[in-house]
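Have a look at the model first.

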Amino acid sequence: MDLISFLIRVVWASPNTLIGLLIGGVGMCFGGRARIQGRAIEFYDGGTKWFIQRLPHGQFTLALTLGHTILGQTDASLDISREHEMVPVRQYERWGPLFLPAYYLSSIYMWLVGRRFYRDNPFEREAYDSDGGEHDA
């Protein structure tokens, strides 16, 4: 990917990246850590872990992606989920500020038609397909 194309994708995803940077930055003020991994900045431990654990089903969440930031509970959870979480990074590059509304509308639609709101969401299916994960029956 050439530099201009990459910069356009970064700017397009930046509204969501800024949310991730805010959460991760606050998390670092409370013992969290950060590292750059590929095209993403990863935040983990401390306040970031605390934040994730307070989300619905957060105790089961290894990591979540906001633009070019990945928020993880621990460095190990980031290592385990990295391949999966890089898919949403690319999705944010395609969808930009429309990603979160599209993601949540897809989840609501899945729930309304009697499907699993998370695992049947097309965005998650793409991520699970890329890392060899199963879709459950």
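**Contacts, cores and a crossing**

Q: What does Tyr 103 touch, leaving aside its neighbours within four places in sequence?
A: Tyr 103 is in contact with Tyr 118, Asn 121, Phe 123 and Glu 124, contact being heavy atoms within 4.5 Å. Bear in mind that this is a predicted model, where local features need pLDDT of at least 70, side-chain atom pairs count only at pLDDT 80 or more, and totals for chains, interfaces and linings use all residues. Residues are numbered from 1 along each chain as its sequence is written, and side-chain values use heavy atoms, with hydrogens and water left out.

Q: What makes up the largest nonpolar core?
A: Twelve residues, including Ile 23, Leu 66, Tyr 103 and Phe 123. A nonpolar core is a set of buried (under 20% relative accessible area, 1.4 Å probe, protein chains only) Ala, Val, Leu, Ile, Met, Phe, Trp, Tyr and Cys residues joined through side-chain atoms within 4.5 Å. Helix 4 gives the largest share, three residues. Apart from that core lies another, of seven residues, with Leu 78 and Met 86 among them.

Q: Why is helix 3 called oblique to helix 5?
A: Helix 3 (residues 75-95) and helix 5 (residues 122-130) pack at about 135 degrees, axes 8 Å apart. Under 35 degrees is roughly parallel, over 145 roughly antiparallel, 65 to 115 roughly perpendicular, and the rest oblique. So helix 3 is oblique to helix 5.

Q: Which residues of helix 3 and helix 5 meet?
A: Among them, Val 87 and Trp 95 in helix 3, and Phe 123 and Tyr 128 in helix 5.

Technical notes:
Axes fitted to C-alpha atoms, helices over the stretch in contact; angles between N-to-C directions. Helix = DSSP H or I, 4+ residues; strand = E, 2+ residues; numbered from the N terminus. Buried < 20%, exposed > 50% of the residue type's maximum accessible area, 1.4 Å probe, protein only.
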